[in-house]
Amino acid sequence: MSEVRFHGRGGQGVVTTSKILANAFARTGQFGASFPMLGFERRGAPVTAFGRFSDKPVREKTQIYNPDIIVVLDPSQRSSDAVFQGLLPGGMMLLNDSDNTMNVSHENLKRLGIIDANKIALEEIGLSIPNTVIVGAFARMSGLLEIEPCCDALQDYFSGKKLSANIVCAKRGFEEVELFDL
Amino acid sequence: MKPKTQDKTKPGSQIEVITGNAAAAIGAKLARPDVVAAYPITPQTEIIEQISKFHADGEMDCELITVEGENSAMNAVTAACLAGGRVFTASSSWGLVFMYDAILATAGARAPVVMVNVNRETPGIIAVSCGQQDMISTRDAGWIFLIAEDCQEILDLVLQAYRLAEDYDIQVPVMVHYDGFYLSYLSEGVNVPFQEDADRFLSVLNDQPQRTKLVPGGKLGCGTHGILGGYLELRYKHVSAMERSKAKFEEIDKEFQEIFGRSYGGQIEEYRMDDADVVLVGSGSMCGTIKAVIDEKRDAGVKVGLLKIRMYRPFPGEVMVAALKGKKAIGVVDRSLCFGFKGGPIYTELKAFETQLGGSKMMSFIDGIANTDITKANVEQMIDLTCDLAEGKDVREVTWVSYPEAQEPDSEKPDSEKRGGL
């Protein structure tokens with residue numbers, strides 16, 4: 001089982017990112033379960049979400065304290081202690097940032113993926129909502145998913161022009177994420 | 001909400017990755033209610049949004065009443081129910097409190113309303129967070145209470161709730177509870193039944209005698225009007241119907257399995273209980289985590305099991321005694337408080353059966369209040385302490401797992417004494 005923790009802010013689509021990934025895993029015959037932890041939903045407030053992806057049914061209904069992978073949608077949290085809290089050795093981090101100078105380090109971090117998801121989202125959907133770019137980048141960085149089930153999963157959340165634009169976002173995330181093995 | 005991957009191993013359903021709230025809304029849709037009245041509240045709002053969408057899209061042919069508050073919601077569905085309709089509503093916490101008088105009236109009228117309550121802390125300390133205190137605060141209202149562990153069980157329990165509530169021999173409202181946040185917002189794969197199978201499952205009700213209905217122009221008094229003997233008769237019949245609902249729920253679970261291929265065990269679910277020496281008793285979302293920890297403990301040679309409460313009202317005392325009798329030690333996990341008692345509410349209620357348990361020792365764990373996470377480490381601690389109790393070690397009767405200060409020797413003293421005077 002891979003345990004993934006997502007960090008971002010309300011309005012960035014943090015929760016939707018974790019839902020789409022759970023959906024994509026289910027489409028491959030595996031199991032995904034994700035949930036956010038927040039009080040009142042509101043834009044701008046820090047949001048944390050949790051995802052468990054496994055070849056067996058996921059039973060745990062608890063938050064994730066020792067993630068295998070951390071996904072950071074909000075670049076301002078890139079160096080926050082809360083983000084790296086409990087990261088397991090051999091861990092991975094996917095960072096949405098316009099700065100790809102690898103200005104991030106942690107003793108347990110083995111793989112870093114950086115993608116300027118806001119820029120891609122602005123170009124494709126006209127809004128700086130990075131979530132679907134992150135979905136594609138996650139698939140590539142983690143190696144846990146192909147891009148096809150991710151694009152298929154988007155059908156459950158978007159339709160029409162928004163769907164096709166977000167599929168482009170996911171594909172560009174998959175193609176354009178820069179990977180650094182540390 | 002479009003059709004998803006067909007699950008070929010489970011005919012008659014399709015897998016959708018949905019939240020607990022969506023599962024509740026789909027369960028309600030599959031039951032084809034005549035009237036839905038509800039008011040949104042975190043963490044339940046998504047149910048109302050989803051049902052509104054079904055209604056707007058023409059997928060749900062019901063009267064949808066967007067009321068100005070929860071009290072009206074309950075009164076509206078109760079009235080529609082007494083007129084013979086199938087009804088649905090959903091609320092949580094402050095909303096449940098705001099419909100409290102109506103909840104009591106609904107039960108007194110024996111109106112078979114089905115509702116969902118998404119468990120959240122009650123007014124008192126403002127906390128938009130998970131906890132079963134709202135369930136506990138309404139437990140004596142005369143409703144049947146069912147509790148779900150995951151998104152699949154939410155959907156399945158909503159369907160089963162209609163069979164139970166509207167059964168001619170029961171006619172008691174049913175509330176399906178599930179943990180806010182941890183389940184309401186949890187997205188996972190759910191086998192969504194096909195409409196024709198849901199129809200078949202519920203069609204048993206069509207073959208039963210018609211329940212008494214209010215009809216325009218007809219002469220019928222409806223509701224709780226009675227003094228002395230009349231009152232006693234109504235209350236005794238209500239209590240008796242609650243007792244009958246236990247066996248009825250077991251029957252419904254079996255029929256559900258025949259159609260949908262899923263069985264939950266009825267009033268309780270027993271997990272690795274057969275040869276268990278020590279047992280945790282729990283309910284709701286914590287049970288998934290407890291099962292995962294039990295498997296790890298079993299690998300380490302600890303004979304531990306879980307008794308999951310699925311039906312909380314009526315209290316499943318008989319089946320719990322049968323399952324727990326002779327166990328060395330029992331740890332009861334409560335996600336709520338029982339003011340006036342040190343231990344949690346479910347612990348306190350199970351204590352009433354202590355003399356029938358054949359010497360099992362009991363202890364109370366309070367955890368998961370106000371979104372406090374019932375972590376795997378917390379569950380391990382609870383299992384270890386219950387093992388200590390089984391071995392005769394000196395352990396506290398009540399442990400606040402996530403508040404170690406409660407375990408300090410002077411924790412029950414007033415602050416003035418602890419600080420050496422004010």
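What follows is a short chat about a predicted model.

Me: Let's begin with the interface. How many residues of chain A are in contact with chain B?
Reply: 22 residues of chain A are, and they meet 25 residues of chain B.

Me: Which elements of chain A give two or more residues to that side?
Reply: Helix H1 (14-27) and strand S2 (31-37) of chain A do. S2(A) gives the most, with seven residues.

Me: And how do the residues on chain A's side divide into nonpolar, polar and charged?
Reply: Nine are nonpolar, seven polar and six charged.

Me: Back to S2(A). In which sense does it pair with strand S8 of chain B, parallel or antiparallel?
Reply: Antiparallel, over two bridges, with S8(B) spanning residues 187-193. Across that pairing, A:Ser34 stands opposite B:Ser187.

Me: OK, switching to chain B. Why is strand S4 of chain B said to be largely enclosed?
Reply: Five of the five residues of S4(B), 87-91, are buried, so the rest of the structure largely encloses that strand.

Me: Which residues sit on which side of S4(B)?
Reply: B:Val87, B:Thr89 and B:Ser91 are on one side, B:Phe88 and B:Ala90 are on the other, and all of them are buried.

Me: What does S4(B) pair with?
Reply: Strand S2 of chain B (residues 35-38) runs parallel to S4(B) and is joined to it by two bridges. Strand S5 of chain B (residues 114-119) is parallel to S4(B) too, with four bridges.

Me: Which residue of S4(B) is the bridge partner of B:Val36?
Reply: That's B:Phe88. B:Phe88 also stands opposite B:Val114 in S5(B).

Me: Now the nonpolar core. Which residues touch the most other members of the largest one?
Reply: B:Ile154, B:Val158, B:Val174 and B:Val176, in a core of 179 residues. Helix H7 of chain B (residues 151-166) supplies the largest share of that core, ten residues.

Me: Where does this core lie relative to the two domains of chain B?
Reply: Between them, because domain 1 (13-260) and domain 2 (268-407) both give residues to it.

Me: Zoom in on B:Val174 for me. What does it touch?
Reply: Leaving out residues up to four places away in sequence, B:Val174 touches B:Val114, B:Trp143, B:Ile144, B:Leu146, B:Ala161, B:Leu164 and B:Ala165.

Me: How far apart are the C-alpha centres of the two domains of chain B?
Reply: They lie 28 Å apart. The contact takes 27 residues from domain 1 and 21 residues from domain 2.

Me: Which elements are on the domain 1 side of that contact?
Reply: Helix H6 (133-136), strand S6 (144-147), strand S7 (174-179) and helix H9 (228-260) of chain B each supply at least two residues. H9(B) gives the largest share, five residues. That side divides into 14 nonpolar, six polar and seven charged residues.

Me: Last one, B:Thr45. Where is it, and why does it count as partly exposed?
Reply: B:Thr45 lies in helix H2 of chain B, residues 45-56.

Me: What separates B:Thr45 from B:Gly261, in sequence and in space?
Reply: 216 residues in sequence, and 30 Å in space, C-alpha to C-alpha.

Definitions and conventions: Residues numbered from 1 in each chain as written. Chains lettered and ligands numbered in written order. Predicted model: local features only at pLDDT ≥ 70, side-chain atom pairs only at ≥ 80, totals over all residues. Contact = placed C-beta atoms within 7 Å. Nonpolar A, V, L, I, M, F, W, Y, C, P; charged D, E, K, R; others polar. Pairing = 2+ DSSP bridges. Buried ≥ 20, exposed ≤ 12 C-beta atoms within 10 Å, placed from the backbone. Core = buried A, V, L, I, M, F, W, Y, C linked by C-beta atoms within 7 Å. Domains from an automatic or database assignment.
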